[in-house]
Amino acid sequence: MVKIPKIKLAKIPQEDFTDAFQTLEECRIDTVPVKGFQYPFFAPGGQYGPDWWNIDSSLALRGYRWKDRKFAENSLRNFFGVQRENGRIPLYSYDHVHPYDEDISSLPKLLTVAYRFAAESDDEEFVRDCYKLITRYLDWWMQFRRDKETGLVSAVFEETFVPYLSKSGERIAVDTNVEIVVGLKCAAALAKRLGDGKAEEKYLMLKQEFSDAINRYLWDEEKGAYYPYLLKSGQHENFLMASTFLPLREGIAPKERAERLVSLLLSDAFGWDTYPVFSASRFDPQFTVTEGPYQFNASWSGSVWSLLNEGIVQGLKDSGYTELAATLAYRTVQEFNGKYFEFLQPFDGSGQGVKRYAWTASQYIQLIVEEIFGIEADAATKTVKVHPLLCEQLRQGELSAEGVMLPDGGTVSVFIKDGKVNAVAENTAYKIEK
């Protein structure tokens with residue numbers, strides 16, 4: 001029997017948390033096969049129709065596994081089947097985007113989704129399949145997108161957050177390369193688990209190479225931010241986007257640069273005092289307020305997206321800004337609570353685009369369970385970490401998450417009162433690590 005966790009969290013009603021799972025159910029496609037997907041899966045929602053997409057269908061699983069892990073694991077297996085011989089995962093089911101005359105993929109969030117499922121599984125075959133998916137996908141990026149001069153990967157269309165009409169070898173995007181860094185860390189961790197020290201060393205070395213190259217080619221010292229790099233001109237693209245904060249991930253940005261990024265994040269430019277985080281600086285000429293249905297890339301140039309906020313939360317944690325990470329996690333949950341839209345209008349927080357959008361609902365669940373309550377399972381050590389990410393507001397009063405399903409079918413419940421944490425595991429071999 002699958003059950004939704006029971007939560008007690010200020011300003012977040014249980015019925016809204018439950019509705020996030022219902023949003024995912026509405027995006028669920030059970031009639032298969034569909035263009036290579038053999039197991040039921042999640043479509044993006046709304047006008048996108050009953051097809052699978054690389055990023056949407058994978059991100060949806062991150063939240064849904066807290067209700068039905070078996071379904072989510074099987075759905076992830078779909079990607080094993082559609083991965084091309086050269087390692088590429090297509091952008092979506094049709095695998096052709098006009099007017100492109102080359103094979104394209106997607107912003108590779110799938111790397112971290114596959115890693116998280118592998119880390120929580122004690123099925124050795126499944127773990128190895130996830131590792132194979134990750135490493136072959138990374139190999140594709142290295143072979144077909146990596147630029148020899150900069151050592152970074154170029155991005156085409158939705159291989160980056162802002163879908164530019166470019167060709168490979170033209171534009172080095174900040175977010176794409178940060179995802180590669182994180183993916184390389186994931187590959188190294190799984191290589192270590194599988195006893196392949198040589199592969200672990202290889203991926204850690206590549207991770208450092210990419211981190212160094214991001215700092216060398218994407219940082220603008222005068223402006224104090226990271227920008228995309230245009231290979232033909234050798235210049236930065238003059239567009240200040242929220243992706244500038246993503247090199248906080250894995251401590252890519254050195255301390256002095258991280259401090260400048262945090263100052264920028266807290267400024268008026270990205271709406272910290274209204275509905276953070278604007279996907280582009282409100283003072284940039286390309287900033288756009290989009291209302292109504294999705295309108296190509298306009299909504300990527302100013303609207304508020306859970307995708308960016310979740311990444312920035314992770315980056316703030318990685319770089320030691322725990323209080324800010326906690327604040328942004330809770331504010332993001334509040335912003336999207338009860339309105340699992342594709343994106344939000346930056347000035348009034350109203351929902352726009354697709355009304356019931358899978359990855360928004362999933363990341364809302366993820367931020368609550370995995371960040372605010374800090375629940376993370378590790379199948380290799382049979383431990384469940386409970387490290388709540390609590391902002392000042394949540395360190396007062398009581399909050400709880402009960403009946404959170406663990407990989408072996410048992411549960412963990414977390415009770416917090418005035419910042420003090422008590423966790424109880426039931427019917428499980430997992431031990432709690434606080």
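Predicted model: local features only at pLDDT ≥ 70, side-chain atom pairs only at ≥ 80, totals over all residues.
Residues are numbered from 1 along each chain as its sequence is written. Local features need pLDDT of at least 70, side-chain atom pairs count only at pLDDT 80 or more, and totals for chains, interfaces and linings use all residues, while side-chain values use heavy atoms, without hydrogens and water.

**Stop one: helix α2**

Select residues 54–64, helix α2 (helices are DSSP runs of H or I, at least four residues; strands are runs of E, at least two; both are numbered from the N terminus). Here 11 of the 11 residues are buried, so α2 is largely enclosed by the rest of the structure. Buried means under 20% relative accessible area, with a 1.4 Å probe and protein chains only. Among them are I55, D56 and R62.

**Stop two: α2 against α3**

Now show side chains. N54, S57, S58, L61 and Y64 in α2 meet F71, A72, S75, L76 and F79 in α3; contact means heavy atoms within 4.5 Å.

Select β11 (375–378) and β16 (431–433), then β12 (383–386). The order is β11-β12-β16, in an open sheet of 3 strands with mixed pairing. β11 and β16 are the edges, each with a single partner strand, so one side of each lacks a neighbour in the sheet. The twist averages 25 degrees from one strand to the next.

Zoom in on β11 and β12. They run antiparallel, joined by 4 bridges; pairing needs at least two bridges found by DSSP. Finish at A377, which stands opposite V384 in β12.

Conventions
Axes fitted to C-alpha atoms, helices over the stretch in contact; angles between N-to-C directions. Buried < 20%, exposed > 50% of the residue type's maximum accessible area, 1.4 Å probe, protein only.
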